[in-house]
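Trainee: I have a model open and some questions about it. Can we go through them one by one?

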Amino acid sequence: MAEGGVPYPSVFMVDSHAAYPPLPPKPRPPGRGGAAQSLLFLLVGLALCGLAIEACFIYHLYSKQGSAVSGSAGMSIQDQEDIPKEVPPTSRPNPIVLPSKPVAHLTAGPQAPHGDGVMVWDMQTEPLLHEMEYKDGKLVIQKEGYYYVYSKIFFSEVNVAFTHSVCRTTPRYLRKDIELLKSRRYYPKSGKMISSSNSYLGGVFHFFKDDSIFVKVKNVTQVWIQSSTENVFGIYMI
């Protein structure tokens with residue numbers, strides 16, 4: 001109060017930078033939050049159900065595999081018990097996989113070639129013959145097609161020529177043998193020591209049914225038959 005009893009006027013300070021109080025949140029529309037929560041709970045429930053079903057499948061799968069392994073183990077043990085402990089030395093197991101096409105592989109035995117030079121092959125050691133026929137040193141074709149024919153002869157080198165050939169006979173041509181492959185060696189007359197050499201022939205040909213293929217040599221005394229692997233004759237369909 002001022003002198004003389006006159007009061008001063010009231011002064012109010014206004015802060016223009018003061019923050020306004022926050023506004024109250026807007027009310028949500030009824031029903032929106034409940035539907036979202038229900039959808040979320042439904043998705044979570046489906047995911048948990050999927051996990052449970054997958055766990056059941058995995059459990060059943062491993063259970064079946066375990067029973068199959070135990071069953072096969074029992075069968076293998078039973079099979080081992082059924083196998084005889086001593087196998088006769090003369091028995092020979094059958095091949096597991098048979099050739100899919102005609103094939104033959106022959107080796108020379110102790111018999112000397114025929115007088116006409118046709119090589120004779122050993123039939124006592126169970127040669128490879130599948131869809132082929134062997135008769136008098138010749139392979140008889142049973143199925144028409146293209147074949148690869150091969151032959152190897154081990155012979156001595158002396159002062160005379162040596163001829164090695166693969167020939168064919170066919171009902172379509174009755175006059176004489178048809179030479180398919182031929183190798184000829186000439187040696188001049190000299191005083192050198194007798195040595196040995198190899199002759200190999202091979203090629204692809206088309207054969208008809210009942211065609212006969214054989215190996216023929218000239219100067220049969222030069223052929224050395226010391227091992228079954230030194231003189232061979234074979235054919236297979238390609």
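Trainee: Is lysine 182 buried, exposed or partly exposed?

Mentor: First, the ground rules: this is a predicted model, where local features need pLDDT of at least 70, side-chain atom pairs count only at pLDDT 80 or more, and totals for chains, interfaces and linings use all residues. Residues are numbered from 1 along each chain as its sequence is written, and side-chain values use heavy atoms, with hydrogens and water left out. Buried means under 20% relative accessible area, exposed over 50%, and partly exposed in between (1.4 Å probe, protein chains only). Lysine 182 has a relative accessible area of 38%, so the residue is partly exposed.

Trainee: Which residue forms a salt bridge with lysine 182?

Mentor: A salt bridge needs a side-chain nitrogen of Lys or Arg within 4 Å of a carboxyl oxygen of Asp or Glu. Here the closest N and O atoms are 3.8 Å apart. The partner is glutamate 179.

Trainee: How many residues apart in sequence are the parts that arginine 168 and aspartate 211 tie together?

Mentor: Their side chains meet in a salt bridge at 2.8 Å, N to O. Arginine 168 sits in strand S6 and aspartate 211 in the loop between S8 and S9, so the pair links parts separated in sequence by 43 residues. Strands (E, at least two residues) are DSSP runs, numbered from the N terminus.

Trainee: How many bridges pair S6 with S9, and in which sense?

Mentor: Two strands pair if DSSP finds at least two bridges between them. The sense is antiparallel, and the count is 7 bridges.

How values were computed:
Helix = DSSP H or I, 4+ residues; strand = E, 2+ residues; numbered from the N terminus.
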